[in-house]
Amino acid sequence: MKRQCDTERLYLEVSTVNGAVSLPLHTSITLFLLSYTECSSFHVHLVTDQPDVLQSLSGLVPEGLDVAEVVREELPDLVRLCRLPAALEPDAGFCRAGLAVVLRRIIQKTCQLTPGRRDVASLLGFKNTCLKACAEVSQWTRLCELEIPSAVEKHLQNPTNHTFLLPVAILNLEKSLGEPVKVHNNDKIRRQKLQQQKTNSSQSDAQTNGPSTELGVQEKSHRVELDAALAKLSVDAVPSVSTRERSDIRKVKTTDLPELEHVFTEGLYFTLTDVVLLPCIHQYLISLQKHSPTTLSHLPLLLKWYQRVQELPIVSRPAKDCGMALLSLGTADPFPSHPEHPLPIEAEQKSPAIKQEPFIGGPRPTLTKLQENGIDAVFSPHPCPSRTLDWDSFPAAVNPTEGKMSDARAVRKQQQLNNLVAMVMEMARPGQTVVDFCSGGGHVGIVLAHTLPKCQVILIENKEESLVRARERSAQLGLMNIGFIQANLDYFTGNFNIGVALHACGVATDMVLDRCLQARAGFVVSPCCYGFIQNTLKFNFPKSMRFAETLSYKEHMILCRFADQTEVSLPLERRIIGKRCMGLVDLDRSWAAETHRYSVKVMTMVPEACSPKNNLLVGEPVR
């Protein structure tokens, strides 16, 4: 296969089960968007475990794309470290991985090449935020990017399961479609709807149309939402002319205005979310119609959404390109709105609710309880407190003073980096890979790449703007041992030797630690934002057995809240308590890591004033 070095490459998964070739949903979604946007600026590489699969995928891959096959062993280094889909820039040093990140990149590239495609730009929603928040922190992104595709693929693996449990993810989407819509300029559109309702009501009073009158009024009252939605779907759409409401409408209180109804999944407008969900819901509905048609009656809003989306002219072409024969469900709902017998639902994967006594007071009762059980914060001595980097000898682009920060903050950042780099240099060996998690603008990763030229350094960050700045700084330095991955932490699956994170907020610290434990890698992590720590689908707190036997979840949360009270503006006594709480939270983390055969130390950065969050967790696997 001849490589095209001047074009961005897009890597998509192909599934092979018992010799049968198929496309995973994430691949189908990506191909659908490529056809929708008519984007031809990528070389598409289908990643296979066996050769000659293109012919088997005839009709599922849009014909206008530049498509080739690649076996997994031939993937570029950065792509091999990530879950697909992934997009790799021509220089092979910047990779974007994960469904939402890759889809947003396709839209970005389309708008760069054809700025007039307002219909494509509008897919990113208000302020370009559609599916921008990573799945670790956004329930909506997690639902659309991970949970619904996963639930549908699980169903498709066993479509004849006679229990026909409705997945929780599908029901959550159905519930979301029934909730009131909140959009920018909400008040104005709601007043337009009220005015439309009053006009419709007056017209219906002047006519006698029998039983259908009420339905007709409902359809007309929904016209405001439909008009607002359809206005954005045209390629050459122009902004609608603003009209002033009647005086009686303007006097109505906001709380008395009618709620807006969903037209599409995020509200009124067709967005990237609809593009993601259409291939998923399409395959799910086809399966239900074939194996359990009565189940459809439990999803009236989803059916209504699916019908509306498939009627859009902009959807029919890419659907045909990708071999999606959209179902025609008719204009009327053929199923009862309220099924006679409720359908079993999959149990939600949540920890059982634990009844707890109300917690009264500040941190002292918790601290006393821990102390009575022989638990208190213990800080290991810093192994090299006097070691500092020779900042004056470094090129300007290495120094954090080149960033957008005050001189005082830049000095503190240098001090923080002195600590992290010193710990990494104690661990690192030539030829090893060091990963800077939650890298931001690259303050840690760039210094590591410069000071450890015989190691490979990879920066991982979800925010594209920050990672682009880091790449620009790296380019100024001519660093050849550095790579950049824009992705959620869960999309990075590669092996590495040392993981680093400076001020990873809340449970991001725990995600980094977990990833290091999975890879049996050493870690140097400085936690931050203890008050944001909370139970998630992946983590429960306290984490270690000894802490869990002593503290309730609520007591641990109180500990975390007071661990954030270390700012220099606070009274000294409160800061001392805050530091002690920080040490206890990180002691719990260290004990949890030690159960995986790790040697872990909790220490304090030097000087302590370099940051209010000056803890360091340093761990190495016991060989």
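Modeller: Let's start with a definition: two strands count as paired if DSSP finds at least two bridges between them. Keep that in mind as we look at this model, which is predicted.

Colleague: Which strands do five bridges join?

Modeller: The general idea is that strands of a sheet pair through backbone hydrogen bonds, either parallel or antiparallel. Here the five bridges link β8 (residues 433-437) with β9 (residues 456-461), and these two strands run parallel. Within this pair, D436 sits opposite L459 of β9.

Colleague: In what order do the strands of the open sheet come?

Modeller: Follow them across: β5-β4-β1-β6-β7-β10-β9-β8-β11-β12-β14-β13, which makes 12 strands with mixed pairing. At the edges are β5 (66-71) and β13 (598-604), each pairing on one side only. From one strand to the next, the twist averages 20°.

Colleague: Which strands does helix α16 lie across?

Modeller: Helix α16 (residues 443-451) lies across β8, β9, β10 (482-486) and β11 (498-505), and runs at about 170° to β9. Helix α17 (residues 464-477) lies across β7 (94-97), β9 and β10, with an angle of about 170° to β10.

Colleague: Now the inside. Which residues of the largest nonpolar core touch the most other members?

Modeller: As a general idea, nonpolar side chains tend to be buried together in soluble globular proteins. In this structure the largest nonpolar core has 134 residues, and those touching the most other members are I148, L272, I281, W305, F437 and F523. Helix α11 (residues 272-291) gives the most to this core, 10 residues.

Colleague: Is C516 buried or exposed, and why?

Modeller: C516 is buried because its relative accessible area is 0%, and the cut-off for buried is under 20%. C322 has 8% relative accessibility, so C322 counts as buried too. As for disulfides, the count is zero.

Colleague: Where does the pLDDT stay under 50?

Modeller: Where pLDDT is low, the predicted coordinates should not be read in detail. Here the chain averages a pLDDT of 85, and 81% of the residues score at least 70. Residues 331-344, however, stay under 50, and the model gives them 22 contacts beyond four places in sequence. Residues 347-359 are also below 50, with 12 contacts in the model beyond near neighbours in sequence.

Definitions and conventions
Residues numbered from 1 in each chain as written. Predicted model: local features only at pLDDT ≥ 70, side-chain atom pairs only at ≥ 80, totals over all residues. Heavy atoms only, no water. Core = buried A, V, L, I, M, F, W, Y, C linked by side-chain atoms within 4.5 Å. Buried < 20%, exposed > 50% of the residue type's maximum accessible area, 1.4 Å probe, protein only. Helix = DSSP H or I, 4+ residues; strand = E, 2+ residues; numbered from the N terminus. Disulfide = S-S within 2.5 Å. Axes fitted to C-alpha atoms, helices over the stretch in contact; angles between N-to-C directions. Contact = heavy atoms within 4.5 Å. pLDDT = per-residue confidence, 0-100.
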